[in-house]
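Let's walk through this structure together, one piece at a time. Have the sequence and the 3D view open as you read.

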Amino acid sequence: MSAPTLYIEKCDSYTPDVKESLLHLIRPFGWPEKAAGKRVAIKVNLLHGASPEKAVVTHPVLVKALSELLVEAGAESVVIGDSPGGLYTVSYLNHVYKLSQLLPCESERVHLNQNVETREGHYENAYLLHSFSYTAYLDDADLLIDFCKLKTHGMMGMSAAVKNMFGTIPGTTKPEYHMRFPNKTDFSKMLLDIYRYWHPDLCIVDAIDGMEGNGPSQGLPRHIGCLIAGTNAVEVDLVCAGIINLKPEDVPTLEVAEQLGLIQADTLDTLTTGGADWRDFVVRDYQNVAVKSDIAFAGKGGPIGRAFRSIARIFLKSRPQVRKKQCIGCAKCFQVCPARAITMKDKKPVIDRSQCIKCFCCQEFCPVGAMKVHRTPLAKLLSKNK
Ligand code: SF4
Ligand code: SF4
């Protein structure tokens, strides 16, 4: 039997004994010993910083435990980093670290990234993203760990190992990528390019408590009870989708990965996994966000097929919608909207639907969850009957 490419460990709470669980999880891949004498970067998910119990960020207790394991195994240094949405400055990063309760992770050989330099990357084998900006601190690492949080995502259905690597793009330039790749197929290819360019040495998913509902920032924590690790982020995401009761075709990056041959239709059934069985962690009533739109209806067809697809798009497409009572008028959505589709009127956002590219950045960055993903009644009905 071949060695597992994916490992699952049952883990129910963020207590110090997660260290033991993490050790079980990463040992089948040769970690933490692999870190001896190396400089390791841990790319966490910080979004815009939030207290850990909100399930927005990779939990600091896990990040601390992993850093300690790496140092104890002889790592030369460990740097913990991300480029949250917004300004990529030292003061903003430190604000986000503080909100996310990451300060206790630091020690003599463990640091929270303070290098805000950016560089230009070039990727010859990219599907779409041949040149891009990235956060330069990653160049100083010999090994890279992608340490994400399992969450729902308004635009991409789910945020896990592949989507987490979008945080290697500096926060201020992320909106530009939404404009360059406005449809989900291209956006997915771009995300897969970023993942393939960095190809992390290990992917770990914090799925002790995931986020459901209005993710990735304003949903609710939902207990799942496991940690997942693997060396292939697409396969890791396949399992994550299965656990939160999504099919691969519900997650654009997975659907596109299959079209590109990165996974096969039967990959989930044929994966060699170690540890616990992922099927034991499936949450059948996980509150997901349906994102089916341009990808699902992108097939060929004659004029009738095209007309049907146009009508279907209108009746199925999700869109951002403001809950005015909840809105505090902070204008964050106005500032992050890459399409300049939002204006502020009487301290409330007004969305110009003709300009909106449905990137859901406004929903992602609204600090009080007032910007929701609105799904049409037909889309709700179809997803219920799936
Ligand atoms: S209104 Fe929201 S979803 Fe539409 S383009 Fe702006 S940020 Fe994206
Ligand atoms: S970000 Fe949220 S709270 Fe702030 S103005 Fe927009 S909808 Fe209102």
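Helices H1 and H2 are oblique to each other, since their axes make an angle of about 60°, and angles from 65 to 115 degrees would be needed for roughly perpendicular. Please keep in mind that this is a predicted model. To find the pair, look for H1 at residues 18-26 and H2 at residues 60-72, with their axes 9 Å apart. The crossing of the two helices is right-handed.

Which residues of H1 meet H2? On the H1 side they are Val18, Lys19, Leu22 and Leu23. Their partners in H2 are Val61, Leu62, Ala65, Leu66, Glu68 and Leu69. Sorted by class, this contact has eight nonpolar residues, two charged ones and no polar ones.

Phe147, which sits in strand S7 (residues 143-153), is 81 residues away from Leu66 in sequence, yet the two C-alpha atoms are 9.7 Å apart in space. Is Phe147 buried or exposed? Phe147 has 25 other C-beta atoms within 10 Å, so it is buried, the cut-off being 20 or more. Leaving aside residues up to four places away in sequence, Phe147 touches Ile42, Lys43, Val44, Thr58, Val63, Leu66 and Ile204.

Finally, turn to ligand 1. It is surrounded by 13 residues, and the closest are Cys337, Ala339, Cys356, Cys359 and Cys362. By class, the shell around ligand 1 holds 12 nonpolar residues and one charged residue, with no polar ones.

Note on methods. Residues numbered from 1 in each chain as written. Chains lettered and ligands numbered in written order. Predicted model: local features only at pLDDT ≥ 70, side-chain atom pairs only at ≥ 80, totals over all residues. Axes fitted to C-alpha atoms, helices over the stretch in contact; angles between N-to-C directions. Helix = DSSP H or I, 4+ residues; strand = E, 2+ residues; numbered from the N terminus. Parallel < 35°, antiparallel > 145°, perpendicular 65-115°, else oblique. Left-handed = near helix turned anticlockwise from the far one by under 90°. Contact = placed C-beta atoms within 7 Å. Nonpolar A, V, L, I, M, F, W, Y, C, P; charged D, E, K, R; others polar. Near = placed C-beta within 6 Å. Buried ≥ 20, exposed ≤ 12 C-beta atoms within 10 Å, placed from the backbone.
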